[in-house]
Amino acid sequence: QVHLVESGGGLVQAGGSLRLSCAPSRNIYEFTDLAWYRQAPGKQRNLVALITIGGRIDYVDSVKGRFTIFRQSAKNSVDLQMYSLKPEDTAVYYCRARDAGVQFWGQGVQVTVSS
């Protein structure tokens, strides 16, 4: 079993920034990919950003140019740096790690962007 510990959520004004961090209980380079998802109230959970073991990165169009996903080897974490936040970015953000066909999820952190 893999545990993912997320941190960094909070309340921020529109235009502000936040950094989310996810620390798995195994080495980050053991996973096929690592990703951040988000779920707004009453909506489904959607992919925000993903980084593969080979370093390929994908973002949902709505966050391109504003969010950056990266791995921090020293911390053994995958972080999501978020800039120019908008009220529509408000959601619970979840970290997801995949090891071949098995997925592991964090507990989620709330990000609230006020207008």
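Good morning, everyone. A word of caution to begin: the model is predicted.

Let's take the sheet. Which strands form it, and in what order? There are 4 strands, and the order is 1-3-8-7. The sheet is open. Its pairing is antiparallel. At the edges sit strand 1, residues 4-7, and strand 7, residues 67-72. Each of these two pairs on one side only. How are neighbouring strands turned against each other? On average the angle is 15°, with direction ignored.

Now look inside that sheet. Find strand 3, residues 18-24, and strand 8, residues 77-82. These two run antiparallel, and 5 bridges join them. Here is a pair you can find on screen.

How much space lies in the largest one? About 170 Å³.

Which strands supply the lining? Strand 4, residues 33-39, gives at least two residues, and so does strand 5, residues 46-52. The largest share comes from strand 5, with 3 residues.

And what classes of residue line this pocket? Nonpolar residues number 5, and polar residues also number 5. The charged ones number 3.

To recap: an open sheet in the order 1-3-8-7, and a largest pocket of about 170 Å³. Thank you.

Methods
Residues are numbered from 1 along each chain as its sequence is written. This is a predicted model: local features need pLDDT of at least 70, side-chain atom pairs count only at pLDDT 80 or more; totals for chains, interfaces and linings use all residues. Side-chain values use heavy atoms; hydrogens and water are left out. On a 1 Å grid over the protein atoms alone, a cavity is a set of points where a 1.4 Å probe fits but cannot get out, and a pocket is an open set with protein on both sides within 12 Å along at least five of seven lines; lining residues have an atom within 4 Å of a point. Grid points are joined across faces, edges and corners, and a volume is the space filled by probe spheres set on the points. Ala, Val, Leu, Ile, Met, Phe, Trp, Tyr, Cys and Pro count as nonpolar, Asp, Glu, Lys and Arg as charged, and the others, Gly among them, as polar. Two strands pair if DSSP finds at least two bridges between them. Axes are lines fitted to C-alpha atoms, for helices over the stretch in contact, and angles run from 0 to 180 degrees between N-to-C directions.
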